[in-house]
Amino acid sequence: MTQRAARATGRIEIEAERCKSCELCVPVCPRDCIEIGEARNRLGYAAAVFARPEDCTGCALCAESCPDLCIRVWR
């Protein structure tokens, strides 16, 4: 009988209205789950978006890199 290791899954929420599009969260995500969206927030910035939720492991590197504390992570 073989056992499969369950892949850790996570979920993030990005507060688009607070995001200043610094893009620091994009390159730190090891699974490329975050992109800069096209929609503009009330400040005129193109906010980050959670583009591939099925790939998120909940590592929280994105939240740690965000200088404006716009990202919350659940695991």
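User: What makes β2 and β3 count as paired strands?

Analyst: In this predicted model, four bridges join strand β2, residues 34-40, to β3. Pairing requires at least two bridges, so the two strands count as paired. They run antiparallel, and one of the bridges links I34 to F50 in β3. The hairpin of β2 and β3 has five residues between the strands, and G44 takes a positive phi near 95 degrees there.

User: Which residues does I34 touch beyond its neighbours in sequence?

Analyst: Leaving aside residues up to four places away in sequence, I34 touches I12, I14, C25, V26, A48, V49, A51 and C62. I34 is also among the residues with the most contacts inside the largest nonpolar core, together with I12, C25, C62 and I71. That core has 14 residues. The elements giving two or more residues to this core are β3 (46-50) and α2 (61-65).

User: How do you know that the structure holds zero disulfides, taking C33 as an example?

Analyst: The closest cysteine sulfur to that of C33 belongs to C29, at 4.0 Å. A disulfide needs the two sulfur atoms within 2.5 Å, so this pair is too far for a bond. C56 is in no disulfide either: the nearest cysteine sulfur, that of C33, is 5.1 Å away. The count for the structure is zero.

User: Why is C33 called buried, and what is the case for C56?

Analyst: Buried means under 20% relative accessible area. C33 has 2% relative accessibility and therefore counts as buried. C56 has a relative accessible area of 9%, so C56 is buried as well.

Note on methods. Residues are numbered from 1 along each chain as its sequence is written. This is a predicted model: local features need pLDDT of at least 70, side-chain atom pairs count only at pLDDT 80 or more; totals for chains, interfaces and linings use all residues. Side-chain values use heavy atoms; hydrogens and water are left out. Buried means under 20% relative accessible area, exposed over 50%, partly exposed in between (1.4 Å probe, protein chains only). A nonpolar core is a set of buried Ala, Val, Leu, Ile, Met, Phe, Trp, Tyr and Cys residues joined through side-chain atoms within 4.5 Å. Contact means heavy atoms within 4.5 Å.
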